[in-house]
Amino acid sequence: MDKNTLRARWGSARNAPLPTPLADSAAMRFAPAPASPAFKPSHCVNAELLLSTPLTVVVRARLDYFDAQGHEMQDEVALVISRNRCEGDHPYWPALLSAAQEHWHRCSGHACRMSACVDGEWQTLLAAQIQH
């Protein structure tokens, strides 16, 4: 297999929709990509890192949720992203969303919002749908 064929396969995999085997579409929604006219969902983002290793990058994030007693809580979380889903130290947007989704499902309470610091500002990655 030549490198052009390999690049084409990886490129199409990056643009594929995120797998959501655990996702309940009524319970959450993905936030839109950064509001830049030139931004494409397959682009990487300048997210604030907690750690960078040869195999992974760890992105700083916040999870807002309600605990079992109904109190609003906020936890700092670390989104671990494989280095092959990054360009240098910058994760691709779908990889960031996928890592956020993993934490969303592990929340012990009722998750409301997952945010990450992108380009120096907190940006919502996932948010709970309002049930009427």
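Select His103 first: setting aside neighbours within four places in sequence, His103 is in contact (heavy atoms within 4.5 Å) with Val77, Ala78, Leu79 and Met114. Before moving on, note that this is a predicted model, in which local features need pLDDT of at least 70 and side-chain atom pairs count only at pLDDT 80 or more, while totals for chains, interfaces and linings use all residues. Residues are numbered from 1 along each chain as its sequence is written, and side-chain values use heavy atoms, with hydrogens and water left out.

Stay with His103 and show its side chain. A polar atom there lies 2.9 Å from the backbone oxygen of Ala78. Is His103 buried or exposed? His103 is buried, with a relative accessible area of 18%; buried means under 20% relative accessible area, exposed over 50%, and partly exposed in between (1.4 Å probe, protein chains only).

Next, select residues 93–106. This is helix α2, where His103 lies; helices (H or I, at least four residues) and strands (E, at least two) are DSSP runs, numbered from the N terminus. Of the 14 residues of α2, 11 are buried, so the helix is largely enclosed by the rest of the structure. Among them are Trp93, Leu96, Leu97, Gln101 and Trp104. If you like, check the length of the helix: at 1.5 Å a residue α2 should span 20 Å, and its end C-alpha atoms are 21 Å apart, which agrees. The expected span is 1.5 Å times one less than the number of residues.

Now jump to Ala47, in the loop between β1 (28–30) and β2 (49–52). Ala47 is buried, with a relative accessible area of 7%. Which residues does Ala47 contact, leaving aside its neighbours within four places in sequence? They are Val59, Pro91, Cys117 and Val118.

For the next stop, select Arg62 and Trp122. The charged end of Arg62 sits over the ring of Trp122, 3.9 Å from its centre (the cut-offs are NZ of Lys or CZ of Arg within 6 Å of the ring centre and within 35 degrees of the ring normal).

Finally, zoom out to the whole protein. You will find 2 helices and 8 strands, following the pattern α-β-β-β-β-β-β-α-β-β along the sequence. Buried residues make up 33% of the 132 residues. Among contacts between residues at least 6 apart in sequence, 59% join residues at least 24 apart.

Definitions and conventions:
Polar contact = N/O pair within 3.5 Å; in protein donor to acceptor, adjacent residues only side chain to side chain.
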